[in-house]
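Hi everyone, thanks for coming. Let me put the structure up on the screen, and then we can walk through a few parts of it together.

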Amino acid sequence: MEFSLIFFSGDEKNKYRFVFDAARYADENGFTAIWTPERHFHRFGGLYPNPSVLGAALAGATQRLGIRAGSVVLPLHSPIRVAEEWAVVDNLSHGRAGIALATGFSPVDFAINPDGWQDRRQRTFDAVDTIRELWEGAPVSAQDALGNYVELELHPQPVQPQLPIWLTCTKSPDTFETAGRLGCNVLTALIDMTNEELEDKLALYHKALQDYGHDPDDHTVTLMLHTFIGTDLEEVRETVRPPFTDYLRSFLTVIDSQKKNLAPGAGVRDMSEADQDQLIEFAFDKYFEKGALLGTPDSCTAVVDRFKGMGVTEIACLIDFGVDEQLVVESLSHLNELRRRYA
């Protein structure tokens with residue numbers, strides 16, 4: 001099991017200082033990678049509008065840590081442009097770049113490119129071959145401003161002969177199967193999904209890898225888990241409860257904004273305040289016990305072993321969900337203790 005760090009906060013107090021402090025610790029202590037997402041126009045995740053920009057800065061601040069996008073919302077962009085930006089990151093990091101591609105879930109994000117919304121899934125899947133071809137030195141055909149078809153090559157040429165690519169997979173079993181068919185890694189999270197559902201979807205992914213001639217041992221399943229590890233279980237519970245419940249409430253408002261025109265009456269906004277509080281409390285207990293690395297190295301070992309048994313090979317530790325940043329930085333030594341048990 002490998003361990004990396006992932007970010008998705010909406011907290012703008014210190015903006016990016018926390019990201020760099022955590023990245024330097026991870027770089028010096030054997031963690032695998034750092035992931036930054038793409039998110040637009042909302043407090044929840046809005047610190048991260050372009051992972052290649054932040055990735056370029058992180059490349060200069062680290063020596064060995066993988067620099068990854070978790071995730072590029074592909075339908076907002078040209079895949080040619082995505083390949084160009086990450087070729088720059090690959091050069092700046094001397095061959096440490098990697099990207100996850102996501103189809104996008106918030107219509108508001110698509111204000112950047114409204115035409116990308118309707119066929120966003122297919123655009124994302126089709127982009128995999130385009131990015132790979134460019135990265136590996138093959139030209140791709142595109143139409144220029146005069147309507148002529150031209151052959152384009154990637155510059156700057158990347159350091160890595162192949163770009164590690166993940167597909168972000170959550171609710172749809174078809175996306176897991178597509179990742180297997182395309183020979184992509186998987187980045188996933190327990191969003192609207194039980195542990196048992198994740199296990200079933202990973203079985204579909206591994207079967208698809210085999211059916212299409214890809215070796216599962218050569219592919220990575222990365223699972224995002226909210227993470228804060230200390231030395232006393234109950235102390236950790238009380239430390240994370242207020243920020244994590246606020247985080248869950250903020251996340252549900254994002255889901256509501258997505259559904260408000262699609263399913264009137266079906267959102268959290270339509271519940272009473274008491275019912276909302278009960279839902280959030282239930283979600284917190286579920287995550288704390290079974291779906292997060294919240295606890296001590298000893299208590300979290302059982303969680304890691306459970307996901308390892310499903311075929312998860314990397315845990316992306318989401319550490320910026322609202323706990324005091326200095327406490328989180330101090331807690332990384334306990335996370336590193338857990339990591340060393342699987343090194």
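**Strands, helices and a hairpin**

Let's begin with a pair of residues: Thr168 stands opposite Leu187 in S8. The chain crosses from S7 through helix H5 (residues 173-182) to S8, and this β-α-β crossover is right-handed, meaning that with the strands pointing away from the viewer, the path from the first strand over the helix to the second runs clockwise.

Before going on, a word on the basis: this is a predicted model, where local features need pLDDT of at least 70 and side-chain atom pairs count only at pLDDT 80 or more, while totals for chains, interfaces and linings use all residues. Residues are numbered from 1 along each chain as its sequence is written, and side-chain values use heavy atoms, with hydrogens and water left out.

Helices (H or I, at least four residues) and strands (E, at least two) are DSSP runs, numbered from the N terminus. Two strands pair if DSSP finds at least two bridges between them.

Back to S8, then. Strand S7 (residues 165-169) pairs with S8 in the parallel sense over 4 bridges. S8 is also joined by 4 bridges to strand S9 (residues 221-229), again running parallel, and there Leu187 has Thr222 as its bridge partner.

So how enclosed is S8 (residues 185-189)? 5 of its 5 residues are buried, so S8 is largely enclosed by the rest of the structure. Buried here is under 20% relative accessible area, exposed is over 50%, and partly exposed is in between, with a 1.4 Å probe and protein chains only. Asn185, Leu187 and Ala189 cover one side, with Val186 and Thr188 on the other.

Next, helix H2 (residues 51-61). Its buried residues include Pro51, Ser52, Leu54, Gly55, Leu58 and Ala59. They cover an arc of only 155 degrees around the axis, which puts them on the same side of H2; that arc is taken from the directions from the helix axis to the C-beta atoms. On the other side, Val53 and Gly60 are exposed. The buried residues pack against helix H1 (17-28), strand S2 (33-36), strand S3 (66-73) and helix H3 (79-92), with contact meaning heavy atoms within 4.5 Å.

Over in helix H10 (residues 325-340) we find Asn336. Asn336 counts as buried, at 4% relative accessibility. Leaving aside residues up to four places away in sequence, Asn336 touches Tyr25, Asn29 and Phe31.

Last stop: S5 and S6 form a hairpin with 5 residues between them, and Gly147 in the turn has a positive phi of about 85 degrees.
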